[in-house]
Amino acid sequence: MPISWIVETMRKQRLGFVGLGDDTASACLSMLKIMDGRSEVDWSHSDPDSADVLMISCDQTDETQRWERSGKPRIVVYHGNQQKPASPFILQHPFRVMQLLSVLDEVAGTLSSGGTSLSHSPAQVAAPSTSVSNNVSPFWLSLHEAVNGNVTDPAGLLVSSSSHGVLYFKPASQRFYASKALFRQLAAGSVELGPLKSTAEAVPEETVACPLFSLCWMVSRYGATHLAPWMNPEGAFHLKRWPSFGTLEKSRTHLSLCALMTKRPLTREQIQQVSHCSEEELDRFINACEMSDLMVFEEAVQVPLPEAAAEEGKGRFGGLIKGLRSRLGLSA
Amino acid sequence: MKVASPLGKTETAVAQKELENFQENTKGVTSAVLLSADGFEVASLQVNKDSASRLAAMGSSLAAISSAIAKEAGISECSRLIVESDEGVVAVMKVPNLKPPLALAVVANDASLLGQLLWGAKNCCASLEEKLKK
Amino acid sequence: MTNDEFKILFTGPMGAGKTTAITALSDQECVSTDVVNTDIDQCDKEMTTAALDYGFIDIPGGGGVRLYGTPGQERFRFMWPILANNAAGVIVLLNGEHPDLDSHLSVFVDAFWEQGAMPMVIGVGRLASEDFEIIERITDTLLERHISPPIFSVDVREKDDVLLLVEALLCQIEVNEMGMMQA
């Protein structure tokens, strides 16, 4: 089923320099000015903390090693007399504008799928660089950044405001904290959550804890019912394990999705064919599982579904299971 | 998992003696275990310890299933069950009127005669009832 | 195994609620093989299952589902494979408050998991409704051993919770039926 993509004309990204000599840095700055308008992305210079991408020297210093651990995408700059770095994005100094433009476009392409796990998620890379904002809510976007370590202080606390109270998130422990009342509201209805921001506050004592998946499941119902843009809609999806719903709503549809998707990688089309689940419900489920690191992505699967798969009531127990459901008053 | 026997030391010794008497007087008895209804060994003849505790557990399961099937069949409470093969017999029977309830499991080889075996076991149970009831 | 019946097994340690769960589902009065419990240290219950629990669900139009409960204590584990024979799936009930929870988890899951060939659901009872830490811990413990059945916090005295366990099991049985097992 085709997904409509909303394309923005220009996306903004920030480039930070680490360990580059003054000459290299100022040459880059000049090139960025020249490049203005020639890339799909509007690149601006920023300090490394706020940067989306780093241009980093291949020299191994304390500073470069610290930034290597930040998990941000890096373009490694090396000299002709040095060994070519084993990084996905490299630039040999001295370089020309077109070379810089080319590698920045490459990085931008992977950034459109978000996150920092560039080395092992091929399905995420294939998404076109388009607007990230319209498919999911700002809260969902900010949560994605937080769980992928794109925060200033991964050991710190984040906070999201709503008209019903404040929600805290500790990326390090993957726990949310809020009043019982707010969690009840989140479970019951639509509470608009603002994007997560850093805070120097501490978690108040009267709050209760909530695991990542539970919150994602609640919020995805109205904040993420279209597949998040950092995932390839044509890819195959596979659950690492059943999610823990806790006391949250879990219908037969959800249980079926869990049973199906824990077995083997499946495309969204295949899942819908077998489960008769709506696209919205499926995408919501995938979004919540992906955010909680329960999802594994693969290239689109070539193996078709077994013939019997889509036919209900087949198999050794098929008719019996239907009868049992009916007998027990479970949904048909 | 060692559980304190439902019988005290003296009583266990008494029970042990009864089993030994039973074996001396009945041809073909290869092992006998006095067991609690929930499958613990209370006393046993000189058999391998593991074997005795397994016999106790299995004996209690068999006794429990027998009670259930007797109830299902509408016959009165099962008093004993017999498993027969060409090579021997396993019999499990309740020792009446004891708290907690106990049963006797007996294994005999093909040298035994079923009638004599059951008669001997019944007497053993009666004797145990008399000596152990409170 | 006839074509018009299948079998669901309930297992778990003593006192976890197997008999309660089967009784909740069974159409007929359950067959029980309860005997006086002398092992009060393990579980402070008056009675314990010495052989099996048995219940049955009639399916209109023919056929039915046979429900078997295993005894909980390990000295009766010789009964487990007998009862598990030809089962379509197994529901493991655990007592979340019991000090030996981890050991129970290991014993019962290992006995029935069959490297993932047997559809399995785990229900953990006696947890406070907001308590997710124990479920998380159990999930992680099993995942380290590449075991990942669904795990729910349940109260088997609530029929809806028992039905949840059954539904999760049925979903897995259906997926297996589709021949979806191997990637």
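**View 1. Domains of chain A.** The centres of domain 1 of chain A and domain 3 of chain A, taken over C-alpha atoms, lie 38 Å apart. This is a predicted model: local features need pLDDT of at least 70, side-chain atom pairs count only at pLDDT 80 or more, and totals for chains, interfaces and linings use all residues. Residues are numbered from 1 along each chain as its sequence is written, with chains lettered from A and ligands numbered from 1 in the order written. Chain A splits into domain 1 (11–111), domain 2 (138–223) and domain 3 (236–307); the bounds come from an automatic or database domain assignment.

**View 2. Surroundings of Leu67(C).** Strand 5 (residues 64–69) of chain C holds Leu67(C). Strands (E, at least two residues) and helices (H or I, at least four) are DSSP runs, numbered from the N terminus. Leu67(C) counts as buried because it has 25 C-beta neighbours inside 10 Å; the cut-off for buried is 20 or more other C-beta atoms within 10 Å, with C-beta atoms placed from the backbone. Leu9(C) is 58 residues away in sequence, yet 5.9 Å away C-alpha to C-alpha. Beyond four places in sequence, contacts of Leu67(C) include Ile8(C), Phe10(C), Tyr54(C) and Phe56(C). Contact means C-beta atoms, placed from the backbone, within 7 Å.

**View 3. Chain C against chain A.** Chain C gives 36 residues to this contact and chain A gives 32. Helix 4 (133–144), strand 8 (151–153) and helix 5 (159–177) of chain C each supply two or more residues to the chain C side. Helix 5 of chain C provides the largest share, 11 residues.

Conventions. Buried ≥ 20, exposed ≤ 12 C-beta atoms within 10 Å, placed from the backbone. Contact = placed C-beta atoms within 7 Å.
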